[in-house]
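Trainee: I would like to learn how to read the packing in a model like this one. Please take me through it one feature at a time.

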Protein chains: 2
Amino acid sequence: MHATMPTTKKTSAAAGKPRTAADALDRFDFQSDSLGYALRRAQVRAYGLFFEMLGALELSPARLTALSTIAMETDINQATLARRLNIAGPSALKLIDALEDAGFIRRKDVANDRRSYSLALTAPGKAMLDTLRANLAAYEARLASRLTAAEREQLLALLSRVAS
Amino acid sequence: MHATMPTTKKTSAAAGKPRTAADALDRFDFQSDSLGYALRRAQVRAYGLFFEMLGALELSPARLTALSTIAMETDINQATLARRLNIAGPSALKLIDALEDAGFIRRKDVANDRRSYSLALTAPGKAMLDTLRANLAAYEARLASRLTAAEREQLLALLSRVAS
DNA sequence: TATTGTTATACTCTATAACTATA
DNA sequence: TATAGTTATAGAGTATAACAATA
């Protein structure tokens with residue numbers, strides 16, 4: 001259910017958090033006092049902070065996911081990446097193109113199979129991930145700032161049971 | 001971050017839950033044991049159940065929100081609806097057109113201002129909301145099925161503090 | 001035949017700009 | 001001038017279909 005982050009500078013929305021009409025699900029009055037409603041509101045705040053944390057980085061959530069997947073599975077090819085992300089091939093291609101254009105990854109020829117490329121992080125890509133790790137720590141702290149450590153653990157446990 | 005629900009019958013995805021690359025945010029390994037990650041996973045399940053509940057109804061989350069807003073604020077006009085939903089005028093227009101085409105609402109002329117229409121639910125629209133209320137109760141029960149009543153209350157309280 | 005990467009195309013949702021008719 | 005509704009257009013994201021090169 002996620003919106004997307006425009007990374008082109010031309011769009012005036014590039015600086016802000018994406019909005020959808022569904023964001024106003026708050027107005028769904030018979031959802032008051034519902035768990036779905038509470039989850040949504042908390043997640044809206046989490047996503048807002050997450051997006052803010054992403055800030056001016058040349059990344060959208062989707063590209064961030066692709067980048068971290070490539071980091072975890074070095075020399076992955078495009079078809080495998082698409083399967084990992086559960087998206088269509090052409091969609092993966094666009095993410096890869098964007099990450100390559102941004103200089104975070106590069107395509108390398110594969111020795112035994114001239115059809116496929118192997119994807120790997122560049123030095124700037126690794127630096128970006130390091131930056132993200134630091135930013136994420138701050139994000140987590142902000143998100144849980146109104147909870148004690150014990151309450152945070154409690155919440156994590158309850159959420160994991162809801163998530164199934 | 002939100003995906004959308006196709007309601008046209010032409011799309012093969014019309015029957016399924018929408019997918020985005022950001023859905024695979026799970027792969028973001030340095031989000032493990034994070035509150036943001038736990039929130040997202042729980043919300044993904046909630047949204048999945050929610051979407052399943054919506055089922056074959058001629059509604060998307062956005063249209064559902066617009067419908068319930070009109071129900072709560074009878075004779076609202078388009079510009080006000082757009083402000084309530086925090087969306088642009090033309091976006092509201094499309095929602096309204098869709099809801100009117102589906103027969104759930106109707107535009108009525110306003111006495112003192114010939115520029116604006118007043119929006120109100122039709123009988124089928126009210127019936128749809130009644131159906132939704134029933135379906136939502138079942139949805140809530142499924143979502144909290146792994147929690148006791150006390151745990152559910154605890155979770156609601158913690159979530160409301162995270163939501164700020 | 002099957003797979004990898006790619007291009008072409010289409011669809012949904014959203015937004016901004018500009019128009020019209022009223023106020 | 002300002003506002004309500006509308007139209008036109010554009011952009012981000014997604015998907016499917018079809019293709020060339022290679023396996």
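Trainee: How do helix 2 and helix 5 of chain B cross, and at roughly what angle?

Mentor: A pair of packed helices is described by the angle between the axes and by the distance between them. In this predicted model, the axes of helix 2 (residues 61-72) and helix 5 (residues 123-143) of chain B come within 11 Å and cross at roughly 110°. Helix 2 of chain B is therefore roughly perpendicular to helix 5 of chain B, as angles of 65 to 115 degrees count as such. The crossing of these two chain B helices is left-handed.

Trainee: Which residues in helix 2 of chain B meet helix 5 of chain B?

Mentor: From helix 2 of chain B they are B:Leu64, B:Leu67 and B:Ala71, which meet B:Gly125, B:Met128, B:Leu129 and B:Leu132 in helix 5 of chain B. By class, this contact has six nonpolar residues, one polar and no charged ones.

Trainee: Which residues have the most contacts inside the largest nonpolar core?

Mentor: That core has 90 residues, and those with the most contacts inside it are Leu35, Leu39 and Leu159 of chain A and Leu35, Leu39 and Leu159 of chain B. Take B:Leu159: beyond four places in sequence, the residues that B:Leu159 touches include A:Leu35, A:Leu155, A:Leu159 and B:Leu39.

Trainee: Is A:Arg152 buried or exposed?

Mentor: A:Arg152, in helix 6 (residues 149-162) of chain A, has a relative accessible area of 19%, so it counts as buried, the cut-off being under 20%. Its contacts beyond four places in sequence are A:Glu140, A:Ala144, A:Leu147, B:Asp33, B:Ser34 and B:Leu35.

Definitions and conventions
Residues are numbered from 1 along each chain as its sequence is written. Chains are lettered from A and ligands numbered from 1 in the order in which they are written. This is a predicted model: local features need pLDDT of at least 70, side-chain atom pairs count only at pLDDT 80 or more; totals for chains, interfaces and linings use all residues. Side-chain values use heavy atoms; hydrogens and water are left out. A nonpolar core is a set of buried Ala, Val, Leu, Ile, Met, Phe, Trp, Tyr and Cys residues joined through side-chain atoms within 4.5 Å. Buried means under 20% relative accessible area, exposed over 50%, partly exposed in between (1.4 Å probe, protein chains only). Contact means heavy atoms within 4.5 Å. Axes are lines fitted to C-alpha atoms, for helices over the stretch in contact, and angles run from 0 to 180 degrees between N-to-C directions. Helices (H or I, at least four residues) and strands (E, at least two) are DSSP runs, numbered from the N terminus. Angles under 35 degrees count as roughly parallel, over 145 as roughly antiparallel, 65 to 115 as roughly perpendicular and the rest as oblique. A crossing is left-handed if the near helix is turned anticlockwise from the far one by less than a right angle, and right-handed if clockwise. Ala, Val, Leu, Ile, Met, Phe, Trp, Tyr, Cys and Pro count as nonpolar, Asp, Glu, Lys and Arg as charged, and the others, Gly among them, as polar.
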